[in-house]
Amino acid sequence: MRLGVCYYPEHWPESMWKDDAARMKALGIDRVRIAEFAWSRIEPSPGEYNWAWLDRAIDVLANAGLKVVMCTPTATPPKWLIDRHPDILPIGADGRPRAFGSRRHYDFSSPSYFEASQKICTAVAERYGKHPAVAFWQTDNEFGCHNTVVSYSPAALQRFREWLKHRYGTIDALNTAWGTVFWSMEFRSFDEIDLPVGTVTEAHPTHRLDYRRFASDEVVRYNRMQVDIIRAHSPQRPVAHNFMQLFTEFDHYKVAADLDIATWDSYPLGALEEQWFDPSIKSKWLRTGHPDFASFNHDVYRGMSKLPFWVMEQQPGPVNWAHWNPAPLPGMVRLWSWEAFAHGAGCVSYFRWRQAPFAQEQMHAGLNTPDNRLDMGGVEASVVAKEIEQVLEADGESTVSTKVALVWDYEAKWLFEIHPQGADFHYPRFAFEYYSALRSLGLDVDVIPVDAPLDGYKMIVVPPLPVVPADFAGRLAASGAQVVLGPRTGSKTVDLTIPAALPPGEGIAKLIPIRVWRVESMRPNVTEKVDQRGEARHWRDFIEASNGVQVEASFADGHPAIVRSGSVRYLASLFDETLTQEIFLNVAKAAGLNAAPLPEGIRISRRGGLTYVFNYNATPYRIPAAVSFIVGQDEVEPQGVAIYRA
Amino acid sequence: MRLGVCYYPEHWPESMWKDDAARMKALGIDRVRIAEFAWSRIEPSPGEYNWAWLDRAIDVLANAGLKVVMCTPTATPPKWLIDRHPDILPIGADGRPRAFGSRRHYDFSSPSYFEASQKICTAVAERYGKHPAVAFWQTDNEFGCHNTVVSYSPAALQRFREWLKHRYGTIDALNTAWGTVFWSMEFRSFDEIDLPVGTVTEAHPTHRLDYRRFASDEVVRYNRMQVDIIRAHSPQRPVAHNFMQLFTEFDHYKVAADLDIATWDSYPLGALEEQWFDPSIKSKWLRTGHPDFASFNHDVYRGMSKLPFWVMEQQPGPVNWAHWNPAPLPGMVRLWSWEAFAHGAGCVSYFRWRQAPFAQEQMHAGLNTPDNRLDMGGVEASVVAKEIEQVLEADGESTVSTKVALVWDYEAKWLFEIHPQGADFHYPRFAFEYYSALRSLGLDVDVIPVDAPLDGYKMIVVPPLPVVPADFAGRLAASGAQVVLGPRTGSKTVDLTIPAALPPGEGIAKLIPIRVWRVESMRPNVTEKVDQRGEARHWRDFIEASNGVQVEASFADGHPAIVRSGSVRYLASLFDETLTQEIFLNVAKAAGLNAAPLPEGIRISRRGGLTYVFNYNATPYRIPAAVSFIVGQDEVEPQGVAIYRA
Amino acid sequence: MRLGVCYYPEHWPESMWKDDAARMKALGIDRVRIAEFAWSRIEPSPGEYNWAWLDRAIDVLANAGLKVVMCTPTATPPKWLIDRHPDILPIGADGRPRAFGSRRHYDFSSPSYFEASQKICTAVAERYGKHPAVAFWQTDNEFGCHNTVVSYSPAALQRFREWLKHRYGTIDALNTAWGTVFWSMEFRSFDEIDLPVGTVTEAHPTHRLDYRRFASDEVVRYNRMQVDIIRAHSPQRPVAHNFMQLFTEFDHYKVAADLDIATWDSYPLGALEEQWFDPSIKSKWLRTGHPDFASFNHDVYRGMSKLPFWVMEQQPGPVNWAHWNPAPLPGMVRLWSWEAFAHGAGCVSYFRWRQAPFAQEQMHAGLNTPDNRLDMGGVEASVVAKEIEQVLEADGESTVSTKVALVWDYEAKWLFEIHPQGADFHYPRFAFEYYSALRSLGLDVDVIPVDAPLDGYKMIVVPPLPVVPADFAGRLAASGAQVVLGPRTGSKTVDLTIPAALPPGEGIAKLIPIRVWRVESMRPNVTEKVDQRGEARHWRDFIEASNGVQVEASFADGHPAIVRSGSVRYLASLFDETLTQEIFLNVAKAAGLNAAPLPEGIRISRRGGLTYVFNYNATPYRIPAAVSFIVGQDEVEPQGVAIYRA
């Protein structure tokens, strides 16, 4: 459990550096991320490197006893590079290059950029790879931010054709897999395949899905190139990347597989404003964020990180990039920090040390205001630093362990986006709602990929998962866990076609012998009653249940809403919050788990031997039973934290 | 009265064909539409035709006693053709070609495509024109689908200039007709005329309207080319095209004039979701469709079909293409089928035999599920097949006859779209609302073009009709019918200018001497009271009424809302549903028609000697008087049908 | 006080001209604007001028005793000119040229167009500059209409680089001022600078702001060129331009500095529909316009006009260009006319003499209908003409004088649009709301630029003003006035960075020693209570107040909402209508002004020795005290006007 901060020495007079470093240290920070946007200062002109300032900056930090998280600066190629290689710019769906002048203006498939990236990464890694203060690395910055995973460039098309050739072998195999006979879309060679964009009506869904898979693989390849260079020049230093919150445009599992640490950038207020939540929810949690949003991300990234995951950027105050940017309530920066640690974080690093008074992010708060006074977030960080000592003393560097797993999948997002069948079928939302229902019961959750080992789990929840690997049903059965399958599970083959025997497909149907013979999507002003228990929204699977399958709830028109076969339940729809919670509570009990509904706004996590309580409400919360507190007390103040040994 | 089905042998293993054909026949189907998207299988490479599979498929169908509706495959030109002639692709309003990869990726004005179409149509027509099982033809598929009537290509511009030259003769005549002196838009030659797109503010309205007329004429010309080829090679077989529901982007009367049968594709649920209806209406008729929507289309296409019109594609279950896709209630596929026959259909053909498990439409239901079991729609079709026999026995191949006409016009849609004056002035909506009011009174309606003979009608309703032919007023007067004219009738000349003596123009003003001296459009949250009778919405004409014109209702500010001169009424606004119904009821009574409000959700049609009752409600409906039933009984079940001799 | 009209002889048969002129004169009109769209008639082919028709038209007007406002026809370059110089067309943000076919299809930076404009302006000015009937000039028409200030053309880029070079001197100075070190956006030379458009995420805010400044300066330069030509050839004739209502895309103060008369085009109903107002407000003032909207514009343009400002185009009935176009209530054309005069107008000129029956604006009413009968607006204009005589007799050509100033700034609009921090932070709205609150208290208001002399004012209101000139605080203090500063005042430097000591910046902080250490923007469904007095919306500044600063109101969480230091108040948020009015009332009282809330819909203005009362309501208004009336009486009818000597 450490604190860190993001710092941009290049933004400030060198005269301030030493004081900055000293104040960081005094605050309790000991990791400092630098240089991820500094290319134009490192290499102001082609081939002319200016290391001096950076050498000095690192030395100042090192001298203050700080450890550096060194970054490759590839998220912001400088103007001279773009002018030399205009093909670096990604191409939008409108066929136009996206211009220089902000960041991430590069195409993952551009050969020029791949080469330029190798060069600058090698230069930086050679320079600082063995510097004693450089203890960690970060590749690039927020892959995919601002919708930059997919580019429609000639270079991407070229590589996509190769990718398809590799995947399908022959054009006939592709034609068969996709079903291009439909609408005479058959190809005679891979060279006839175009970008799946700009068509008269929707392009072929498998074409689109494969393009998303390809684009994701391009990110993997690009990151791996950087990791390889860093490892070659900087042995023993863990390599990280800072992922984004609930970001789904590439397969994070595959990128993380090449890293040592998965980190993510946590901005709970911006996320609330920009995600799918209703306006009433947005005003309810306006200045705290949704009580499950950061947690969900913590659990996602914990699951894919070899070393304890980090929050690489923690919101320290109001941000600048949401449509509206409220100020966090007093206590929230501390609460968010502890929430990260409760979920297993190894480090919480605040973004940024000091608010910059210029350029695009000048309205983004830091730990310090632009006039260099400690801001509210800075004060709270210093509190956290002291509390860390108490907790470490009580419990050491413990880990999170739970019996509940939720499956989270990236291709599911792409597939449902490409082929939604109902305009608001938003996979991340539904996965989050399942997660939130589990958390509202006081359960700790592992978020796992569909190919993760399942042993040891007592309850496994599967949000709508269209493509199910062949061995998944068998592994679910072997786990012995209570299983909940969401609607549309197994509804597609890997080629985005309907399974031969209809959903949920052969494998799942062996677990629970049902046949989804019809589906319907429901517009937002339509719901369906589920017995007297609640309401269905968005979607209905029409289920034909074989003998032995128990119908646990029905729609008003008599079609099954919840069916069960042994320990496996299949939900034919997406239910309201209360009904979902009720179902999960029953399943948790069947799994022998200790679950009970928490008051709204209260969340509990366990790490090592300690229990962490978080109060998102505007009123105090009294912890029911007498406990021994490390931090806080039994009356948890609004936006407060309590940590105790149960 | 026949049943048909759309079938894609190329999508399925040849081993399934024989069983498919036998099951179709057994179900009561005897017409099978094929091949409209099969170009890449017919001509896999340039000039290399592969007829063998199609020969065999037709033979299998023929051997089962089925009649084939053969299609030209021009809606989906294959990739190799596009690569050879990229100018085939239509150009969007953004100046970019719309890409290959779905369907309808062709420009009606492309000379390359015209030639390629002639070639493939000739090849198909030569091959199958005299095949004994090929009993009907369909040209192309759904002209204009996915917004493909208008293209902004150089080829279109070239032909548009010729079209203008033909229409106006001299550039001076065009300048005068359009009024290009306004804003110095004068042209010195036809070659100076550009596409009416991308201008700084709105392009000249007459320029835009003429471009729409031109684009419509291009569809007519393209279809006629196909019809001519088919007729040359396939004598005695009726030629059809499958139009779309409430589609208005070309003049259907002109295309239909070259055909033997007008057919249309009926998807009541998708239409409800995608059309203008309020969310409350969308949820009210969620799984039945609006009670007047299919009927309106039946009456539109009956009016332009030389032989009895068909439903070429009938929704058999949930579809895939609306934003949300609900499942039809049990009985609706049967109800829709009978509704078509009640309105005079010669054939109802379901789309499609079996749901395809791949590509864009994999979520579109068929009569059979992808695992080849009969779906609900298939079961209902088989019921219809048996009922047809009873009805034919009772009444033969009868026809529809009515005394009520509603004028429906395509240019009106374009004109009001180009020059709305109020942002929600949506012509199809207002025409539909008038039609719906008539149907709610139990009246059968002929939907007619403005140049149709009017003799024999007792009541003629004219929704807002901006351009009135010179002889229309005379023909209305000669008909002796009671006439209702909507607002904005006669508000424009054929050149989209204001008539010299102001609306409703000289001709109409002879029928009813009024002068519309001012107009106003009303935003959605504004209505105006009409006496104590109801409310006006969207629009007001300010009327100066000459002596002898009777003011039958007024707005609160004293301006006339309804005026009458003899048998002609002019409505100054678009009224709410109740007031519209009340007005039409009074007019119908004046016309001596038997009209009375039906309960909501109940509709009645008459064909030959029989009366058809349709119950769109969730509750049973009891037919008031004792009658002799051919199908059903006096208590009509929810989503039920009754057919009786009155 | 004169009446005028806009007239297009080229639209009508020459046979009508004489009668038109005679009827204008008889109506009381004596100024006629002509020729602003007549280029294609003046120069039908390159270099071939046709003056004859225009000579005759001017003579007809002159012979009727009318004075001509002659226009340069540059708003509508003819087709032949565009075909010769396609670079005249402006380039959109999408990189595509905006096409010929409407108006304003020119790029202010195009050298071809600058030259062509010089040529046509010189030709027109030479021809008519000394004509005795040509008494005024108008340059072009509505600069910037249809979003035409900014073009993304190569020509604009070229000139922008020069502009930057001139502003910053060296590229290092620019890099420092903008803070391009952020995200490695540093430039090595001015030639590396691109257009601030099409970037992956938002382009650099200072880059964008400077581009807006540059584009505004291009309008200034273009107008000045025309003014210089006119002055050279037409001595002693005042030169005007017709600005638009609440238009903010260029700095009107700078353009007006080159003119003799600032005029504007007043369309109160279209403005209400198209501006930010809530639907409830849009329906409330549907057929009158907002009671403060025209007034605000009058006060804006009065402030920048050397001679008395004009309304160059006055709405005479329904217009065509808003999404919905209602009809003004009876009396409104008269009311609007008198409102203009009450605010100091020298002339009210109606648009247009007669509604044109063709082209884009055929649904725009005139004083006469297309069939040449006097329309309602024409009747009301004739009433105004007679009333003018009475008022001139009573009070002569008097002027407006007031003690209240509101600061209005164009860069503020651009800056907040570029860098809003809250998506609905719309500067014109907030400035208007402050103005409206002042007007609701019966105060007359000068709208002034931030660099205007402040002497003589007793109350100065500053809506959110991000960039405050160095001497502003000093001038405020010196004025002795009561001052109200809106939130975000002084929040930015001229380079769009945060002031070193935080907002409100050094200068303002000397007046009122506060430090805005944090801000938050509030989504539309969020408000904050201000004591028990009202609600805050949109925005909150978090204020640290030094000793001596009085907190006059607080938010529920204790942060100051209103602070005061002596005569200077700073508002930390944008308050609801009632609270804003209450605050301003208190300040007005402190300033010794005679202020009191007026009934809703009633407005009062003073000019010379007379008081003007306007009743926007549907019910009569009784003027409280006995007065001596020049026009009207103590009971002011709905939509009525009364003018009296107090």
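Student: Where is Pro504(C) found?

Tutor: This is a predicted model. In it, Pro504(C) sits in the loop between β12 (482-485) and α18 (505-511) of chain C.

Student: What makes the peptide bond from Pro503(C) to Pro504(C) cis?

Tutor: Look at omega. For this bond in chain C, omega is near 5°. The bond is cis. Most peptide bonds are trans.

Student: Which residues does a cis peptide bond join in chain A?

Tutor: Pro503(A) and Pro504(A), with omega about 5°. Pro504(A) lies in the loop between β12 (482-485) and α18 (505-511) of chain A.

Student: What is the phi of Leu496(C)?

Tutor: Near 55°, a positive value, and Leu496(C) is not a glycine. Most residues other than glycine have a negative phi. Leu496(C) is in the loop between β12 and α18 of chain C.

Student: Why is Leu496(C) called buried?

Tutor: Count the neighbours. Leu496(C) has 26 other C-beta atoms within 10 Å. The cut-off for buried is 20 or more. Therefore Leu496(C) is buried.

Student: What about Asn372(A): where does it lie?

Tutor: Asn372(A) is in the loop between β8 (347-350) and α14 (376-395) of chain A. Its phi is positive, about 65°, although Asn372(A) is not a glycine.

Student: Why is Asn372(A) called partly exposed?

Tutor: Asn372(A) has 16 other C-beta atoms within 10 Å. Buried needs 20 or more, and exposed needs 12 or fewer. The count of 16 falls in between, so Asn372(A) is partly exposed.

Notes. Residues numbered from 1 in each chain as written. Chains lettered and ligands numbered in written order. Predicted model: local features only at pLDDT ≥ 70, side-chain atom pairs only at ≥ 80, totals over all residues. Helix = DSSP H or I, 4+ residues; strand = E, 2+ residues; numbered from the N terminus.
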